[in-house]
Amino acid sequence: MIYTLCERIAELRKTFGITQTELAKRLEVTRSAVNAWEMGFATPQLKHIVEMSKIFNTTVDGLLNTSSKVVIDITDLTEKEQEAVFNIVDCLKAKNGTI
């Protein structure tokens, strides 16, 4: 399903149980600005899109569209552990013919 940015913001906000007022406070904007974004009357600035991606634990791309990609944060793993994860993913992709 393809979502517009306004639908995606509303969906993620509701999924995370955040009110428009709470999101506005976290972004240091007015509640009416958040409402305008969700209604499609205005578009958030890039800095707000980046901050929302952090709040909603997604990528900017994940906020802008609903791709089927899964993002896993492995930055806390050692370099060797990260390499092992990449090798596993490459092996599975090769098995499924997606490489």
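Predicted model: local features only at pLDDT ≥ 70, side-chain atom pairs only at ≥ 80, totals over all residues.

**Entry 1: a histidine to start with**

In which helix is His-48 found? I traced His-48 to helix α4.

Setting aside residues up to four places away in sequence, I found His-48 touching Leu-27, Val-29 and Trp-37.

**Entry 2: the rest of α4**

I then went through helix α4, residues 46–55, for its other buried residues. Along with His-48, the list has Ile-49, Met-52, Ser-53 and Ile-55. These residues span an arc of only 160° around the axis, so they sit on the same side of α4. On the other side of α4 I found Leu-46, Lys-47 and Lys-54 exposed.

What do the buried residues of α4 pack against? I noted four partners here: α1, α2, α3 and α5. Following the chain past α4, I came to Asn-57, which has a positive phi, near 55°.

**Entry 3: a leucine in α5**

Which residues is Leu-63 in contact with, leaving aside neighbours within four places in sequence? I wrote down Leu-5, Arg-8, Ile-9 and Leu-12, then Ile-49, Met-52 and Ser-53, and also Phe-56 and Thr-58. Ile-49, Met-52 and Ser-53 were already on my page as buried residues of α4. I also checked a distance: Leu-63 and Val-50 are 13 residues apart in sequence, and their C-alpha atoms are 8.9 Å apart.

**Entry 4: α1 meets α3**

Now for a helix pair. How do the axes of α1 and α3 cross? For α1 (residues 5–15) and α3 (residues 31–39), I have the axes coming within 6 Å and crossing at roughly 120°. The two helices are therefore oblique to each other. On the α1 side the contact is made by Cys-6, Ile-9, Ala-10 and Arg-13, and on the α3 side by Trp-37, Glu-38 and Met-39. Sorted by class, this contact has five nonpolar residues, two charged ones and no polar ones.

Glu-38 has its place in helix α3. Is Glu-38 buried or exposed? With 13% relative accessibility, Glu-38 counts as buried. Leaving out neighbours within four places in sequence, I listed its contacts as Cys-6, Ile-9, Ala-10, Arg-13 and Gln-20.

**Entry 5: stepping back**

Last, I noted the overall picture. I counted six helices and zero strands in the protein, so the run of elements from the N terminus reads α-α-α-α-α-α. Of the 99 residues, 26% count as buried. Among contacts between residues at least 6 apart in sequence, 49% join residues at least 24 apart.

How confident is the predictor, and where is its confidence lowest and highest among the elements? The mean pLDDT of the protein is 87, with 89% of the residues at 70 or more. Helix α5 (residues 60–64) has the lowest mean among the elements, 85, while helix α2 (residues 20–27) has the highest, 98.

Key
Residues numbered from 1 in each chain as written. Heavy atoms only, no water. Axes fitted to C-alpha atoms, helices over the stretch in contact; angles between N-to-C directions. Parallel < 35°, antiparallel > 145°, perpendicular 65-115°, else oblique. Contact = heavy atoms within 4.5 Å. Nonpolar A, V, L, I, M, F, W, Y, C, P; charged D, E, K, R; others polar. Buried < 20%, exposed > 50% of the residue type's maximum accessible area, 1.4 Å probe, protein only. pLDDT = per-residue confidence, 0-100. Arc of directions from axis to C-beta.
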